[in-house]
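Hi there,

Here is the structure I promised to pass on. Have a look at it first, and then read my notes below.

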Amino acid sequence: MKTYTIRQAAEHIGVSVDTLRFYDKQGLLPFVGRGDNGYRVFTEDDFAWLDLIACLKATGMEIREIREFVRWNMEGDETIPCRLELLRSRRKETLRQMAQLQKCLDKLDHKIAFYEQKVERLAKPGARSPFRPKGALFIPHKYEKGTSHG
């Protein structure tokens, strides 16, 4: 069975070595073995676990919940109902977060469209910015005092 160093494992899943060490200290990696030299030794099977842990963390699951999930997995099939309920709960929370983020994205898109229209109107010759006092002249940037006309 091929083994990997902590650095290789970190690169594989896109986290830092310090993150993996932190996960280990938090009890999230009880499945990771140690070599004769005492260093962590990762396998392909460990990568699947690391990917799942990173996924759960990305959804906002707390370390203590991830630790509990890992522990339940290590205990065996009798904990499957607990694991299922935890994942269903996390899924529901993730969908709520996604809906909230979609609302934020919609607001951003609305504001971007608003400002794009403003920029388009201001780019037209003779356009006056609603933010300049009435009577102020529109002076294209290339003709402002102190700029090069070249």
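Which residues of the largest nonpolar core touch the most other members? They are Leu 20, Leu 29, Phe 42, Leu 50 and Ile 53, out of 24 residues in that core. A nonpolar core here is a set of buried Ala, Val, Leu, Ile, Met, Phe, Trp, Tyr and Cys residues joined through side-chain atoms within 4.5 Å. Buried stands for under 20% relative accessible area, exposed for over 50%, and partly exposed for what lies in between (1.4 Å probe, protein chains only). Two or more residues each are given to this core by helix 1 (6-13), helix 2 (17-25), helix 3 (44-58) and helix 4. Helix 4 provides the largest share, five residues.

Before going on, a word on the source: this is a predicted model, where local features need pLDDT of at least 70 and side-chain atom pairs count only at pLDDT 80 or more, while totals for chains, interfaces and linings use all residues. Residues are numbered from 1 along each chain as its sequence is written, and side-chain values use heavy atoms, with hydrogens and water left out.

Now the overall layout. The chain has five helices and two strands, running α-α-β-β-α-α-α from the N terminus. These are DSSP runs numbered from the N terminus (helices H or I, at least four residues; strands E, at least two). Of its 150 residues, 25% count as buried.

Apart from neighbours within four places in sequence, Leu 29 is in contact (heavy atoms within 4.5 Å) with Leu 20, Tyr 23, Asp 24, Leu 50 and Ile 53.

Helix 4 (residues 63-75) and helix 5 (residues 80-122) pack at an angle of about 150 degrees, with axes 10 Å apart. Axes are lines fitted to C-alpha atoms, for helices over the stretch in contact, and angles run from 0 to 180 degrees between N-to-C directions. The two helices are therefore roughly antiparallel (over 145 degrees; under 35 is roughly parallel, 65 to 115 roughly perpendicular, the rest oblique). On the helix 4 side, Glu 65, Phe 69, Trp 72 and Asn 73 meet Cys 82, Arg 83, Leu 86, Leu 87 and Arg 90 of helix 5.

Finally, the loop between helix 4 and helix 5 holds Thr 79. Thr 79 is buried, at 5% relative accessible area. Beyond neighbours within four places in sequence, Thr 79 is in contact with Trp 72 and Asn 73.

Best wishes
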